[in-house]
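This report looks at charged side-chain pairs and at one helix. Please view the sequence and the model first.

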Amino acid sequence: MRTQTSTGDDFIKPFWWTEVYGWLSFVPCKPSYTGLLFERLARVPKHLHEYVEEGQWKYSLSPEIKESWIKLDWWLSCATSVLAKEFNASVVRPFSPWALGYYVARSSHCHVMSTVHKSRSWYGVWMGLLSYLIAQAKSANVTGTDEHWQQALIKNGFPSDTIDALLASTVCDFSSTIERAGVFLDLTRKNTKQPSIEWFLKYNIPVWYRWGAQEMSIPSLAFLAPLESQIQCAVLDLNNPVQETRVLAQRPEPVKETSQSAKRPEYEVFFTARDQRNARRLLHESPTDRQTRLNRERKPPTVSAPVFEWVRSEDDENVWCRVQVRRADREETLGQYSEQQRRYDSFSNEWDCCEEFGPGDEEDDWDYDRLLSFPDESIPTTPPYDTSTVPMIFTPPSVPEQLLDSEHLDVPHVHSLRRAAVYSSKPTSTEPMSQLSPVHSSSTSPEPPIPISKLFRSRKIDALNQEILDLLHLHYGFTPPLPLPRSTPLLTTEAESKRLVRFLGLSWDQCRPYIGQVPCASLAKSYLDGLAAGHRPKDDDCDLNMQNRSSLSMSERCHYLRIVESVGQDARSFYLFDFGDRAEVPWKLALTNAADALLVCRLDPWFRESDIVEYLLQHAIPFRTFLHMDLASAAPRQTPPPTKLPIRASNFQFGVKDYDAYVRQREMILTQPRGRVALMRGGIIWRLSTSVVNFSSVLQGPTDDNLTDVELNLISGTYVCHTGVPNQ
């Protein structure tokens with residue numbers, strides 16, 4: 001391993017096993033730089049730190065990025081040293097990433113970018129070494145658990161939150177989803193330190209071995225003999241080396257797409273659909289919402305507004321995928337794109353960035369394909385840290401205090417669509433303008449003005465009255481009498497008022513001063529009491545009755561409702577809306593229960609799929625989106641889900657750092673494309689995801705993966721805590 005020529009890509013292929021370099025088999029082919037520990041490597045900055053030194057311009061990584069890379073560099077060195085010593089692993093470690101010079105300032109922009117790319121790929125090699133040492137530690141433990149190597153790190157000064165970050169990364173993921181370099185094994189070798197094939201396969205490491213006369217003569221290896229079909233194929237290939245060429249020649253030439261049949265990029269389809277939604281919103285936008293939107297448009301937010309990048313799918317370069325950027329990286333991401341390459345939508349309050357949107361800045365026109373082969377000016381010989389000091393332990397940065405304040409969370413106002421969604425029960429006047437009385441007659445003196453306090457209270461009562469009617473209509477099909485009674489019996493006791501308010505999901509503290517004066521409160525109580533007692537509502541009171549003036553049987557949306565049954569272990573019924581030719585999206589909307597499906601039927605008729613989904617998301621109503629398999633496109637590659645929960649000792653005391661680490665772990669999960677599933681689940685998972693996942697991401701349709709039980713537990717902040725009592 002020579003610093004001037006070696007890169008991480010040189011070690012994503014199998015090598016013959018040796019005792020000191022056997023760890024190369026664990027090097028990931030495509031390192032995943034996500035999670036609390038490795039997220040600092042996820043993004044290579046386009047803009048470098050520039051300054052003048054001794055009359056010459058210098059380029060380097062920004063001080064913040066440089067410091068974070070140095071911390072991770074030293075952390076990996078310390079962690080691998082501790083594990084190798086604690087579990088007697090004979091390994092020769094590679095040179096550290098700092099040796100490639102990522103922390104050195106240079107006079108050439110290209111030289112700096114060359115060292116940055118080389119160093120970043122070299123961190124992947126160290127991730128492979130760490131994975132190998134953890135596998136060795138697990139094998140040294142009879143139970144094969146992670147506790148022993150975790151305790152070894154804790155004993156040597158590594159904090160628990162850092163170990164949690166390591167446990168949640170792909171370093172500790174030995175599933176088949178992580179492609180690793182693999183190894184060549186000599187089955188006839190007498191070295192007892194060479195692990196068995198079963199050991200490598202246990203950790204999903206690809207294994208290759210020779211099979212000849214010498215291997216066939218060893219009876220214990222008989223189970224590793226190739227199948228007869230494999231031998232026949234090998235013999236056929238040797239006897240007919242041109243067979244593959246002949247088969248390839250018979251394959252038809254791929255049909256080249258013409259300009260007329262070429263598929264539109266996914267981002268163009270997305271923007272077209274969004275423009276149509278915005279046009280409908282503009283027609284029904286309230287003056288307050290319009291003013292708020294225009295204020296955002298004049299000065300678009302760069303931190304609070306979600307940011308998305310359009311990137312090519314790793315599985316199909318012709319497919320563009322919309323990927324959400326972490327909150328901490330929003331401003332930096334926007335700075336890496338030119339004005340023509342970033343678009344802000346004031347309706348959704350979100351950014352979209354892509355290099356295909358327009359030309360970039362002049363300084364971005366670098367040929368990054370040749371950076372890894374760019375010669376360095378010099379190779380550093382001393383590390384950027386003091387190796388004689390106590391290990392520099394990485395601690396995740398604290399979450400800004402303003403993010404912990406619920407007032408600053410990006411949670412949409414839950415009542416913003418309620419007015420437009422509810423069936424209007426107020427009669428409109430049909431009298432001609434000439435017959436309406438003027439506000440003030442010239443023959444009479446005007447009435448004295450109403451006191452501000454009394455006017456404010458009256459408006460509060462009217463608003464609460466309308467909100468109760470809206471809730472009863474949407475969720476319980478209540479149809480108020482016409483005209484609305486002006487004087488009805490009021491609720492007389494605080495107990496029955498509180499019971500009504502809480503049953504409707506309203507805040508008692510906010511409703512308490514006014515609920516006693518709300519005209520419809522007694523109507524609501526009587527209607528709900530009848531439903532609770534199992535009584536059938538009157539025809540005039542419920543829209544489920546055919547004779548009701550607003551019967552749901554007249555709702556056009558009801559005609560598109562279907563009941564479908566899922567198959568498999570978790571078979572259940574879904575209430576699916578199939579709008580056919582009227583659909584604006586390729587996927588179908590499905591509700592998990594009949595009550596929510598009826599609520600969708602009661603929403604305003606002008607609502608399309610996107611408007612319905614936004615309403616459901618604002619009110620934490622669970623739903624699903626279904627897409628026909630023939631219409632599914634390649635999804636962006638996602639970070640494999642964590643497989644283990646963090647562990648704590650019986651006497652562990654949780655602190656602020658643990659909460660900060662939890663928040664960032666939760667954000668890492670939710671910013672994955674499958675994170676939008678959390679919004680559709682409702683409940684506490686919905687509440688925890690609203691500050692991270694943007695509602696518009698759900699409009700992209702189904703995701704290939706669901707959230708695992710481990711991910712749901714991590715989002716909820718679950719830990720495995722020992723009690724200190726055996727077998728408990």
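## Salt bridges

Across the whole structure, a search finds 28 salt bridges. The model is a predicted one. Side chains of opposite charge can pair when their charged atoms come close.

One of these salt bridges joins Glu 19 and Lys 193, with 3.2 Å between the closest N and O atoms. Glu 19 sits in the loop between β1 (15–16) and β2 (49–53), and Lys 193 in the loop between β4 (183–185) and α5 (197–202), so the pair ties together parts 174 residues apart in sequence. Glu 19 is partly exposed, at 26% relative accessibility, whereas Lys 193 is exposed, at 53%.

An α-helix has 3.6 residues a turn, so residues three or four places apart point the same way. Lys 71 is partly exposed, with a relative accessible area of 27%, and Glu 67 is partly exposed with 45%.

## A further pair and a network

Glu 494 and Arg 512 meet through their side chains in a salt bridge of 3.4 Å, N to O. Glu 494 is in helix α15 (residues 494–503), while Arg 512 is in the loop between α16 (508–511) and α17 (521–532), 18 residues apart. Elsewhere, salt bridges with shared partners join Arg 274, Arg 322, Asp 345, Glu 350 and Asp 352 into one network.

## Helix α2

Helix α2 covers residues 109–140 and has 32 residues. Of these, 27 are buried. At the start of α2, a side-chain oxygen of Ser 108 comes within 3.3 Å of the backbone nitrogen of Cys 110.

Note on methods
Residues are numbered from 1 along each chain as its sequence is written. This is a predicted model: local features need pLDDT of at least 70, side-chain atom pairs count only at pLDDT 80 or more; totals for chains, interfaces and linings use all residues. Side-chain values use heavy atoms; hydrogens and water are left out. Helices (H or I, at least four residues) and strands (E, at least two) are DSSP runs, numbered from the N terminus. The expected span of a helix is 1.5 Å times one less than its number of residues. Buried means under 20% relative accessible area, exposed over 50%, partly exposed in between (1.4 Å probe, protein chains only). A polar contact is a pair of N or O atoms within 3.5 Å; within protein, one must be able to donate a hydrogen and the other to accept it, and residues adjacent in sequence count only if both atoms are side-chain atoms. A salt bridge is a side-chain nitrogen of Lys or Arg within 4 Å of a carboxyl oxygen of Asp or Glu.
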